[in-house]
Amino acid sequence: MAAEIVNPRSGSNTDQDGGVEPLDSFDPAFALHRGGKMAVQATVPVRDKDDLSLAYTPGVARVCTAIAEQPELVHDYTWKSSVVAVVTDGTAVLGLGDIGPEASLPVMEGKAILFKQFGGVDAVPIALDCTGVDEIVETVARLAPSFGGVNLEDISAPRCFEIERKLQERVDIPVFHDDQHGTAVVTLAALRNAARLSGRAIGDLRAVISGAGAAGVAIAKMLVEAGIGDVAVADRKGVVSADREDLTPVKREVASFTNKAGITGSLEAALEGADVFIGVSGGTVAEEAVASMAKGAFVFAMANPNPEVHPDVAHKYAAVVATGRSDFPNQINNVLAFPGIFAGALQVRASRITEGMKIAAAEALAGVVGDDLAADYVIPSPFDERVAPAVTAAVAAAARAEGVARR
């Protein structure tokens, strides 16, 4: 048989004899994605001229006039308060890297259907053909009147930090970079339960994070906010410490609030005697380094598809093991966080998502496990129907307590 050549531009499979076969005739992923994974659906009928006159002209004019006179009515008479923009520039898509805006759309569609499936939140994928910080901020700020929140997705570090900060300064709706904060919320929830299982508090633990990108920085900040005993962050060159002269501004900030022990050198050196390993780097950690950790340690190796420490190795030394994969227990999955976080923020028309709201989300998520806590169950399944309501309620309550709720 002639060798087959995949031609992604044509959307088909072409063999050397000139035959053309659709990609989805042999790959179920292509079959599922044909035509996209989502559509817009009306929530009101348009069956006759009376329906048309209410849904569109002339009835719609009365609603527009009322909103023009009282802008806050937009939340009551449009979908604004229940819809999120899922925005990317395609520069850090899953494990694929900088593949561009068009190639990112299948992921953004997937994110949008997860919002709906797990949080009841409508979401619109928006892939931007620009990568400059100010270009992205200006573009999204001009789109903001159409949405109740903005979920930034798959934007590479360090630009993602500045984009989120500048955009939140420009708009009065929540801006949330899920690669940072969603990962941090779920990690903290799992860590709280792992600590509870071992009879320790967060403050008793020393953690080491492998990876100083978006997720690693956000996890470090959240663990410090939650009262971790100590946490060190390592990049490719070793522990991020104040004595290093090669640090970016973001890493200099990280060095200012982490590593109270003053550890220098390699990741492996930092792991000696550590209570927690958190991997968000995609690298590989030697078994000897894992073996050097404290007795009863926790290993959260979250790189996909290949964890920094394979669970079979981690289980030799760790009391609790978690990964980012669905085929092992204790999956650290962002879908446990972002649908409920946005649902709670939208419910109270929050102007932003605060640290307190994120901590509340982590505590609620950890609480779902309850008395079923076990070494292979420190975090619930995304399909546990208790998750989104618990997170939504906690985030809404925290927004009111922190003064960012508008209803």
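Predicted model: local features only at pLDDT ≥ 70, side-chain atom pairs only at ≥ 80, totals over all residues.
Which residues of helix α10 (residues 249-257) are buried? They are V250, K251, V254 and A255.

**Helix α10 and what follows**

- Looking down the axis of α10, you will find its buried residues within an arc of 140°, so they line one face of the helix.
- The face turned away from that buried side carries P249 and S256, which are exposed.
- After α10 comes N259, a residue with a positive phi near 60°.
- N259 sits in the loop between α10 and α11 (267-271), and it counts as buried because its relative accessibility is 10%, under the 20% limit.

**Salt bridges**

- The structure has 25 salt bridges in its count.
- One of them joins the side chains of D178 and K111, at 2.4 Å from N to O.
- D178 belongs to helix α8 (residues 178-197) and K111 to helix α5 (residues 101-119), so this pair ties together parts that are 67 residues apart in sequence.
- Both D178 and K111 are buried.
- Another salt bridge links the side chains of R406 and D172, with an N to O distance of 3.2 Å.
- R406 lies in the segment after α16 (387-401), while D172 lies in the loop between α7 and β7 (175-177), so the pair ties together parts that are 234 residues apart in sequence.
- R406 is partly exposed, at 41% relative accessibility, and D172 is partly exposed as well, at 48%.
- D235 and R244 also meet through their side chains in a salt bridge, at 2.9 Å from N to O.
- D235 counts as buried at 16% relative accessibility, and R244 is buried with a relative accessible area of 16%.
- There is a network here too: salt bridges link D235, K237, R244, D246 and K251.
- K251 brings us back to helix α10, where it is one of the buried residues.

**Cysteines**

- How many disulfides does a search of the whole structure find? The search finds zero.
- For C130, the closest cysteine sulfur is that of C160, and the 15 Å between the two sulfurs is too far for a bond; a disulfide would need them within 2.5 Å.
- C130 counts as buried, at 13% relative accessibility.
- C64, by contrast, is partly exposed, with a relative accessible area of 48%.

- V44, V46, L52 and Y56 make a nonpolar surface patch of about 410 Å².
- Y56 is found in the loop between α2 (49-55) and α3 (59-69).
- Y56 counts as exposed because its relative accessibility is 55%, over the 50% limit.

- Most residues other than glycine have a negative phi, and most peptide bonds are trans.
- T57 and P58 are joined by a cis peptide bond, with omega about 10°.
- P58 lies in the loop between α2 and α3, which is also the loop that holds Y56.
- A cis peptide bond also runs from N304 to P305, where omega is near 0°.
- P305 is placed in the loop between β12 (297-301) and α13 (311-314).
- Which value does phi take in N259? Phi of N259 is near 60°, a positive value in a residue other than glycine.
- N330 is not a glycine either, yet it has a positive phi of about 60°.
- You can find N330 in the loop between β13 (318-323) and α14 (338-347), where it is buried with a relative accessible area of 4%.

How values were computed: Residues numbered from 1 in each chain as written. Heavy atoms only, no water. Buried < 20%, exposed > 50% of the residue type's maximum accessible area, 1.4 Å probe, protein only. Patch = residues over 30% accessible without salt bridge, like charges linked within 9 Å, V, L, I, M, F, W, Y side chains within 5 Å. Areas by Shrake-Rupley, 256 points an atom, 1.4 Å probe, with all protein chains shown as cover. Salt bridge = Lys/Arg side-chain N within 4 Å of Asp/Glu carboxyl O. Helix = DSSP H or I, 4+ residues; strand = E, 2+ residues; numbered from the N terminus. Arc of directions from axis to C-beta.
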